[in-house]
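Work through these exercises with the structure open. Try each task before reading its solution.

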Amino acid sequence: MCRLAGYIGEKEAVRIIMDSLSRQSYGGYDSAGVVIGSESNIICVKSVGRLENLEKKLEEKKLKGNWGIGHIRWASHGRVSLTNAHPFSDCQKKIYLVHNGIIENWRRLKRKLLDKGHRFVSETDSEILSHLIEDYFEGSLEEAVKKALREIRGAYGLLAISKNEPKKIIAARLSSPLLIGIGEREGEYILASDPAAIAPYTKKVINLNDYEIASVNPGNSLLIVKERKLQFLDFDVKKSEKGPYPHFMLKEIMEGPETIENAVKGRLVPEEGTVKLGGLEEVSEKLKRINRLLLVGCGTAFHAAKVGKYMIEEYADIPCEADVASELRYRKPLLDNKTAAVFISQSGETADTLAVLREFKKKGTLTIGITNAVGSSQARETDAGVYTRSGPEISVASTKAFLGQLTVLAMLTVFLGRQRNMSLVTGKRIVSELSKMPRLVRKILKRAPEIKKLAKKYKRYQNIWFIGRKYNFPVALEGALKLKEVSYLHAEGTAGGELKHGPLALIDKRFPTIAICPSDSVYDKMVSNIQEIRARQGRIIALATERNREIEEIVDDVIYILKTLEMLTPLLSVVPLQLFAYYTAHHLGRDIDKPKNLAKSVTVE
Ligand code: G6P
């Protein structure tokens, strides 16, 4: 997704802006640009492709200056090209800006500006902003930005500078994250969309709220429309580095055990068969009264929501629905005061998820967040919530965050269950099993070399089907999503029972299936599905529980996982599938951490 950066201070702005952009580049991008101001001049440089391309151009130009802004773009309006890359300027090349988000009423505004004689160079919606600001400019950039933004419908994280007002950046936000880091030295500011870009320079930040506009200028210190409290970043820069791993994805899969450990730390109460979730204390009484839960997310977080539905329905006796946010926001879910909604998001900034959250809040629904990013929009806007504490996840394909989300959902199940009919014995069993999960995941990770070999064997197939039932149906969806995201092979996931309602038509010896069939309540049903595939000469990899030797007789390959409670099997079964996707992509030479066309945090609809 698009990310922005800005700097004002005594240091070389280009160096800090490029570093900040590169620290945010994990989200995926396709072009980049910076504009740097010095005492006498302001110069804009852009390039298509990787930041290295921009770096080369910058070296040739030898840009000097200690204020400026930069951007990495992930194309949404207009193709990938130099002219569509940010920063954009006005007709007179005096105002420059970078923008994240989408201007929804751009067509109307563009027509109006064209009629007034403005000349556009790009196909983007963002360029409207620089011309609109120019249109309102009467000597103060801040005033012009304020007036222009009143006309905008959509979302923006925006940095604007003007040749006439050196060492000043105007920053504005609506539904797109924007942080202002207060540098170590007096009058130094680092601005960015993501804490990862600010943390190496300072831990003191102001997180802009929607509709706030800040004028950042060393002489004038920091002027913000409303008085804002300073926050301190809890961000470990080391954790966002690759270390000895070739890719973030592998590093993050390997961090699975720690992710679960961190999520449960200090939260399990084994003797009482329950959990202590500090973030839910305030709404605990309200939660006792609810009789319906909506679980909402996108992508991997939606798959976690689907697992959560099975857990909560079975153990907490609350009817649940799991829905993708992009669908739910246009449906008419019937909400009443006994319904609560749980929003699941690693980044806490996914536009569709936030849109549903905001809509539900207007209707007075109790909103709970399961989020990884501390201080994110979702974390700030939900009524209550539980952090997953997974640490920075850099790879576009989400892996450890999924384990964090499942762990929190299992704890939420115990929390809600113990408020209702869940017995002490059942509570104790789940809590005790949860505490064993890091060890079990560690054992599965030791099998990475086996899975690497298997990925090599299957990489030549263009299509792979994933099936599972009950708790492992969402895992089949997640396994297929991981594989298609990073290997670009065609992969689909379905419920085992749905096979004969269509997908079986595709199965033959060129179309293998991964069948998730731990020894659980639906094991026999999965074996029947496996037989149906075998009868059509389909090859099968089974994910089975250790010591199940009989399965070897009916499938081509087996990956063994360890025994645990049925509701917790997704925490184990997803790990080999993450590794399988990773190694397949590795064997096929894909750009694993930044798969083509995808972005980490989807902050546009
Ligand atoms: C993007 C990412 C996925 C992620 C989804 C939801 O599509 O590529 O990995 O699962 O967004 O993101 P969230 O931050 O809301 O969990």
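**Exercise 1. The open sheet**

In what order do the strands of the open sheet of 5 strands run, and is the pairing parallel or antiparallel? The model is a predicted one.

Solution. 
- Step 1. Read across the sheet: the order is β23-β22-β24-β25-β26. The pairing is parallel.
- Step 2. Find the edges. β23 (490–495) and β26 (557–561) are the edge strands, and each pairs on one side only.
- Step 3. Zoom in on one pair. β25 (residues 540–545) runs parallel to β26, with 5 bridges between them. Here Ala544 stands opposite Tyr560 of β26.

**Exercise 2. A helix and its cover**

Compare the reach of helix α19 with the expected value, then judge how covered α19 is.

Solution. 
- Step 1. Count: α19 spans residues 569–587, which is 19 residues.
- Step 2. Take the reach from first C-alpha to last, 28 Å. At 1.5 Å a residue, 27 Å is expected, so the two values are close.
- Step 3. Check the cover. Of the 19 residues in α19, 17 are buried, and the helix is mostly covered.
- Step 4. Look past the end. Gly589 follows α19 and has a positive phi, near 70°.

**Exercise 3. An asparagine in a loop**

Is Asn217 buried or exposed? Locate Asn217 and list its contacts.

Solution. 
- Step 1. Locate: Asn217 sits in the loop that links β12 (213–216) and β13 (222–224).
- Step 2. Apply the cut-off. Asn217 has 14% relative accessibility and buried means under 20%, so Asn217 counts as buried.
- Step 3. Set aside neighbours within four places in sequence. Asn217 then contacts Ile8, Lys167, Lys168 and Tyr189.

**Exercise 4. The ligand**

How many residues surround the ligand, and which are closest?

Solution. 
- Step 1. Count the surroundings: 14 residues. The closest are Ser345, Gln346, Ser347, Thr350 and Ala599.
- Step 2. Take the side-chain partner. Ser345 places a polar side-chain atom 2.6 Å from a ligand oxygen atom.
- Step 3. A polar backbone atom of Gln346 is 2.7 Å from an oxygen atom of the ligand. For Thr300, a polar backbone atom is 3.0 Å from a ligand oxygen atom.

Technical notes: Residues numbered from 1 in each chain as written. Predicted model: local features only at pLDDT ≥ 70, side-chain atom pairs only at ≥ 80, totals over all residues. Heavy atoms only, no water. Helix = DSSP H or I, 4+ residues; strand = E, 2+ residues; numbered from the N terminus. Buried < 20%, exposed > 50% of the residue type's maximum accessible area, 1.4 Å probe, protein only. Contact = heavy atoms within 4.5 Å. Pairing = 2+ DSSP bridges. Near = heavy atom within 4 Å. Polar contact = N/O pair within 3.5 Å; in protein donor to acceptor, adjacent residues only side chain to side chain.
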